[in-house]
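Good morning, colleagues. Please look at the model on the screen while I go through its ligand site and then a few features of the chain.

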Amino acid sequence: MALQVELVPTGEIIRVVHPHRPCKLALGSDGVRVTMESALTARDRVGVQDFVLLENFTSEAAFIENLRRRFRENLIYTYIGPVLVSVNPYRDLQIYSRQHMERYRGVSFYEVPPHLFAVADTVYRALRTERRDQAVMISGESGAGKTEATKRLLQFYAETCPAPERGGAVRDRLLQSNPVLEAFGNAKTLRNDNSSRFGKYMDVQFDFKGAPVGGHILSYLLEKSRVVHQNHGERNFHVFYQLLEGGEEETLRRLGLERNPQSYLYLVKGQCAKVSSINDKSDWKVVRKALTVIDFTEDEVEDLLSIVASVLHLGNIHFAADEESNAQVTTENQLKYLTRLLSVEGSTLREALTHRKIIAKGEELLSPLNLEQAAYARDALAKAVYSRTFTWLVGKINRSLASKDAESPSWRSTTVLGLLDIYGFEVFQHNSFEQFCINYCNEKLQQLFIELTLKSEQEEYEAEGIAWEPVQYFNNKIICDLVEEKFKGIISILDEECLRPGEATDLTFLEKLEDTVKHHPHFLTHKLADQRTRKSLGRGEFRLLHYAGEVTYSVTGFLDKNNDLLFRNLKETMCSSKNPIMSQCFDRSELSDKKRPETVATQFKMSLLQLVEILQSKEPAYVRCIKPNDAKQPGRFDEVLIRHQVKYLGLMENLRVRRAGFAYRRKYEAFLQRYKSLCPETWPTWAGRPQDGVAVLVRHLGYKPEEYKMGRTKIFIRFPKTLFATEDALEVRRQSLATKIQAAWRGFHWRQKFLRVKRSAICIQSWWRGTLGRRKATKRKWAAQTIRRLIRGFILRHAPRCPENAFFLDHVRTSFLLNLRRQLPRNVLDTSWPTPPPALREASELLRELCIKNMVWKYCRSISPEWKQQLQQKAVASEIFKGKKDNYPQSVPRLFISTRLGADEISSRVLQALGSEPIQYAVPVVKYDRKGYKPRSRQLLLTPNAVVIVEDAKVKQRIDYANLTGISVSSLSDSLFVLHVQREDNKQKGDVVLQSDHVIETLTKTAISADRVNNVNINQGSITFAGGPGRDGTIDFTPGSELLITKAKNGHLAVVAPRLNSR
Ligand SMILES: Nc1ncnc2c1ncn2[C@@H]1O[C@H](COP(=O)(O)OP(=O)(O)O)[C@@H](O)[C@H]1O
Ligand SMILES: [Mg+2]
């Protein structure tokens, strides 16, 4: 049986570690999330994570092989159902980090690989959710990792649990109590460099919020014989070495100690004060700090150290025999220190160490001790002082751990988590009383373990209505009885021997034992043994056939150790101690108490019974530690050693019990959920009861009737192979299912996505269309309104301005004005202008003028002075001739030229004659005589003052502008013209008849120069001119086909000029 699950309301299925607990079932009909049963899927990787899944579960070899395979891969944890088996790796595997804690928090047992933290978390969650006290029982042999596991558990709780509202220091105290207890209670042994020499049960109290609020420690049977004697290769308790190594000079001086452990007889017996794996100096620092954390005052530390030192001094007390063979203390110095450190009277102590006080018939007698007895008394005192101090220390730690809030309501609802770190089964070459006690303790715990496991198993079968098939297992009650039974048990017999008057010795005890329990199948002595076994048994030995193996005990020292005698006067001396710790350890009431104190074995038995009771009252969880080799080496898997431990830890038993009925059990819902895909009827959903579904499913899978049973809520599968076959089928099915599911899921996923995108697109589209539509509608509405207003305005456009036509009129106006810009005339000659609306006529006119002015202005600004002059002259020409003379139009496109004769064409004599007068214009002309009208070639020069007619190199005539009265010209296309001269001017020869090829240019320039623009006459028909004094001439102009200038018969000059264009 391996996997039990619980369905929690979240739909999650979690592992039930304690199967007999009522299961909470809150199954949502659909969504049951089945935890991956990693134990199943991981079985092919590195062994099986849970031994119950071992096919060959009865084979120790298979069991060990599985352990080995996993150990090789540093997988030190494996389950047997809810029990955690741990193999000490002897190396730091980095698996206890904060991340690991987080990983194991709140997850199901089987979701993650086996780990101590999985147990820790499961226990904690059970504690919180069910509010039942829990106990984690950690067992295993010395060096198997119990203490380490306890520490890791504590650390897990300290780091992951919420902090209490008040007294947050509890977490520190819980953690810090450890180094102190380890210093005083742990020692290096052959098995373990940090072996706990006491049993420890620690309660951690949690408030209702799950925060640790207090703690309590129970300690069991400190191995005090170690104080005075250690085997070779072993050490005394750590604290002695720590103090000597790490203590300050000043402290050591005060305590009268030397730094060298070799100086102390109690520390040299094992001959190994120094151990490479232990750093006493740094450990001491840790301990010193821890002492402060757990509320030790400086004085208390002082007192405690005094006691530790006094034990060392006690060890160095030597005796010498006097003449009467009575022991005498020879080491005065040690005595002196002792007196001071223990705060006792020196003389009393000396006497107590060398004498024994006997009370006989009410009288006290002092009997001197011989050397042997004195040494015994000294060692007894050392042991008593140390062990009682240890007990006091535990009490002190408990006071510090005790919840300070005991009265608060949260305290009342605390739950307790117990951690049991107790010495494991021990077998040495020589086994004595201590081993007897320890192994008895292990028997008890094993009994409890089997009982609880079996019980839970049985309860589950009952609850499920499955017929309980008795499991064959080794019930070690018989051995427990052998040890602890009243009157007949070994402890009773031992006590009896210790208490009876007369000469009782270890051997008489053995005889008594032989007498009383000789028929017990698990008991053997030399006398009772058969021939063959007798050889392996000494006469002073007895053998117990423990569940874990045979152990031979030597009876030597049994009585003494059981009696644990401390001579009365030593007790008295210690009771008088002023050292506060000592006075608490040695109570005076002890002296007056006539009743004999309980023997050690009985005390131990009682405390064990009490422990069993405590454990029974709690939900147990188990961690079974295994030590892989004796050399404390990583990676070494000593099969013999491990097989032995597997045996005495009862792991095979445990597995058998778990597997007695069924290897696997599972809630119907979960089973169906996991495997429903293997049967067409149950896949994909089963509508009926899960139980029926499972029935259909297993029938389909072909389970044989002996392979499984149907319980009330669970299916029970007997063999792992059935389950594995199912798992294999599932694995195959999964591949195809996965593909299908993936395809379906992808299809679904993408379809969803597509639909989402589509929805979004539609949404955006409709919104956008809406927006566009609204915009368009607004625009249309506006347009319609505008058109309507325009039409109405148009109809009423001639009416006076009113609201109906205002818009139209404004529109016409603005559009006229706005369009005007584009319709402006291109240049000054362009006379086009858009027609303005009536209201703008005036403005339009103004604008037009402005526009023209602007164009003119712009034009004027842009022209050169020469061009300006040209234009001015052209303007004058236009003024004079436009529409009046026929050949004027031909002259218009021809530019006026500043002069038609170059300076070289004018005679220098002429220039000389003109003097300083510049020539403004020169042009060749033809002069017609006044009489014969003979044409003669001449030059016409214009100066600022006169028109000069030049004949070759001679100025023929000079007409000052003042004398130029006018200019006549015909309206025809000829180029004749007459310059009229003042008649009164006698110097003048009369008017001059000239002809210029550039008549318009010549006349324009002459008129301008002479300022006779208004005096140019354009005649039709004829021109009369003064030919000389009293003689006038006439020129007749007639239009004709071609130019002809002749003297007419009437003496007139007849000019026929072609008509070029009609005027
Ligand atoms: N889980 C572990 N990881 C690493 N080392 C460990 C582990 N458990 C034990 N050890 C080593 O083994 C030693 C002995 O372990 P310890 O817990 O003291 O044994 P026990 O208490 O069973 O006698 C430790 O000091 C430590 O070095
Ligand atoms: Mg330990």
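Predicted model: local features only at pLDDT ≥ 70, side-chain atom pairs only at ≥ 80, totals over all residues.

**The ligand site**

Around ligand 1 there are 15 residues, and those that come nearest are Asn88, Tyr96, Gly143, Thr147 and Glu148; a residue counts as near if one of its heavy atoms lies within 4 Å. Residues are numbered from 1 along each chain as its sequence is written, chains are lettered from A and ligands numbered from 1 in the order in which they are written, and side-chain values use heavy atoms, with hydrogens and water left out.

The shell around ligand 1 consists of four nonpolar, seven polar and four charged residues; here Ala, Val, Leu, Ile, Met, Phe, Trp, Tyr, Cys and Pro count as nonpolar, Asp, Glu, Lys and Arg as charged, and the others, Gly among them, as polar.

Which side-chain atoms lie 2.5 Å from an oxygen atom of ligand 1? An N or O atom of Thr147 does. For Asn88, the distance from a side-chain N or O atom to a ligand oxygen is 2.8 Å. A polar backbone atom of Gly145 is 2.9 Å from an oxygen atom of ligand 1. The protein buries 84% of the 550 Å² that ligand 1 exposes when taken alone, by the Shrake-Rupley method with a 1.4 Å probe.

**Backbone features**

Trp683 and Pro684 are joined by a cis peptide bond, with omega about 0°. Gln271, although not a glycine, has a positive phi of about 55°. Most residues other than glycine have a negative phi, and most peptide bonds are trans.

How values were computed:
Polar contact = N/O pair within 3.5 Å; in protein donor to acceptor, adjacent residues only side chain to side chain.
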